[in-house]
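Please open the model in a viewer and keep the selection panel at hand.

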Amino acid sequence: MLISQRLKDVYMPTGDAFSLMSDLRITEKTYGRDAVIESVLGCFLDEDENLISMDVVNETYKNLSSVDLFSYAASITGPNDYRESVKKHVLGDHIEYFANSHIGVVATVGGSGAISNVIKGYTDPGQTILLPNYVWEPYKIFAQSNGLNCEFYTLFDGDQFFVNDLVGRIIKIAQQHHKVILMINDPCQNPTGYSLSFEEWEQVVQALKVAAQYGDVILLDDVAYLDYDFRGHSEARRHFRLLAHLPENILSVIAFSISKSLTCYGLRVGAEIAISSSKKVIDDFNRVSSVLGRSTWSTVPRGGMDLFVKLHEDENLFAKLKTERDRIIAILKERAKIFLEEAKNIGLYHLPFRGGFFLTVPMWPELTKAVVQDLKRKNVFVLPIEGGLRIALCSAPTRKLRLLAQHIRDSIEKCQSR
Ligand SMILES: Cc1ncc(COP(=O)(O)O)c(C=O)c1O
């Protein structure tokens with residue numbers, strides 16, 4: 001076999017958003033845009049169904065100099081001003097809790113680059129990674145292409161976060177394998193839109209401390225949707241406090257991305273923010289992340305990093321950014337309200353939702369396939385995931401959401417009764 005043994009059975013995602021979108025474009029050409037409901041893309045579309053980037057982001061980027069746009073970044077790990085600015089932004093008003101912690105920040109190619117670096121840098125083939133059972137499916141690709149086994153924690157027990165399932169698995173894996181690698185996508189989890197409460201986070205972190213008595217612990221919190229938490233800036237970040245002063249054999253890494261935060265998905269800029277009580281752990285983190293960046297993508301696009309710094313260090317630009325993002329959050333809230341109200345009225349069950357771009361209508365795999373096909377016949381496009389349908393509140397406009405809920409409920413009833 002020519003390809004690597006490691007990749008011969010590598011997983012392909014359940015729903016292929018790209019092929020669904022190409023079917024959708026054909027349908028749109030035939031029937032017109034108004035006759036089609038699109039709830040597939042993980043990008044924000046405005047109420048006219050146009051993919052937008054925020055004006056202040058657009059203008060600031062276009063005003064960067066040619067050198068900023070086209071030359072290499074100064075270092076593999078990213079310039080100091082970018083790393084400082086990311087640290088301040090991500091930790092927000094909780095930064096004071098980290099006065100005695102060691103923190104490493106490394107620029108990456110999007111949030112994906114951060115996730116990839118952590119998996120490559122902190123796992124070995126044959127080890128087990130703990131993932132949520134409703135999951136952003138690329139995590140499985142990251143895991144499998146690096147030879148990891150996936151174990152899934154059950155996110156919900158009825159309408160509650162199933163904290164006991166997660167805690168139990170953390171401790172069992174620590175006892176059996178002496179190493180825990182835990183992936184959490186919080187706040188605004190993709191695909192459910194769930195955000196753990198501070199108290200739920202306390203229980204998770206307490207379990208990690210117990211696990212650390214049996215072996216090393218890597219916590220990876222993917223915060224791709226951090227800036228769209230309906231609870232607001234400070235509350236979205238409050239759980240980070242719990243990551244200060246943990247035992248030295250626990251490394252916490254926050255995977256940050258500007259893709260959603262600044263609506264610039266294709267710019268490919270993100271960062272890993274590593275937190276530890278040990279200087280040596282962070283020195284190792286900086287070295288390993290630098291080597292991984294060098295051996296994968298070299299430097300991160302300089303223009304995107306400069307853009308981030310300008311928007312966060314200039315008060316006027318920052319105020320504009322906040323206003324524009326708040327407008328997007330208000331639209332997401334309104335879309336969520338409409339869909340959830342309609343779902344309640346017509347008896348369409350969905351998983352617990354707290355905020356962000358997506359929510360999930362759970363169903364078993366055979367039904368999911370049939371429902372997606374039936375929806376397509378009605379010119380409705382929704383992404384199938386393992387365990388249900390992912391509703392993209394970010395892409396479907398307010399005026400189509402009641403109908404979307406009704407179509408889904410009708411298709412479920414029709415396919416169930418076959
Ligand atoms: C949960 C989650 N994590 C990470 C990413 C990766 O984002 P990026 O474009 O920054 O690589 C995405 C993008 O859709 C996502 O949904």
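**Domains and their interface**

In this predicted model, begin by colouring two selections: domain 1, which comprises 5-55 + 318-416, and domain 2, which spans 71-314. Their centres, taken over C-alpha atoms, are separated by 26 Å.

Next, select the residues through which the domains meet: 31 residues of domain 1 are in contact with 31 residues of domain 2. On the domain 1 side, α13 and β11 (358-362) are the elements that contribute two or more residues. The greatest contribution comes from α13, with 6 residues. Colouring this side of domain 1 by class gives 19 nonpolar, 6 polar and 6 charged residues.

**A helix pair**

Now display helix α2 (residues 55-62) together with helix α13 (residues 315-346); their axes come within 8 Å and cross at roughly 140°. Which residues of α2 and α13 meet? Show Asp55, Val56 and Thr60 in α2, then Leu317, Lys320, Leu321 and Glu324 in α13, which they meet. By class, this contact of α2 with α13 holds 3 nonpolar, 1 polar and 3 charged residues.

**The whole chain**

Along the principal axes, the C-alpha atoms fill a box of roughly 60 × 55 × 50 Å. Buried residues account for 45% of the 418 residues. Of the contacts between residues at least 6 apart in sequence, 78% join residues at least 24 apart.

Terms used. Residues are numbered from 1 along each chain as its sequence is written. This is a predicted model: local features need pLDDT of at least 70, side-chain atom pairs count only at pLDDT 80 or more; totals for chains, interfaces and linings use all residues. Axes are lines fitted to C-alpha atoms, for helices over the stretch in contact, and angles run from 0 to 180 degrees between N-to-C directions. Helices (H or I, at least four residues) and strands (E, at least two) are DSSP runs, numbered from the N terminus. Two residues are in contact if their C-beta atoms, placed from the backbone, lie within 7 Å. Ala, Val, Leu, Ile, Met, Phe, Trp, Tyr, Cys and Pro count as nonpolar, Asp, Glu, Lys and Arg as charged, and the others, Gly among them, as polar. Domain bounds come from an automatic or database domain assignment. A residue is buried if 20 or more other C-beta atoms lie within 10 Å of its own, exposed if 12 or fewer, and partly exposed in between; C-beta atoms are placed from the backbone.
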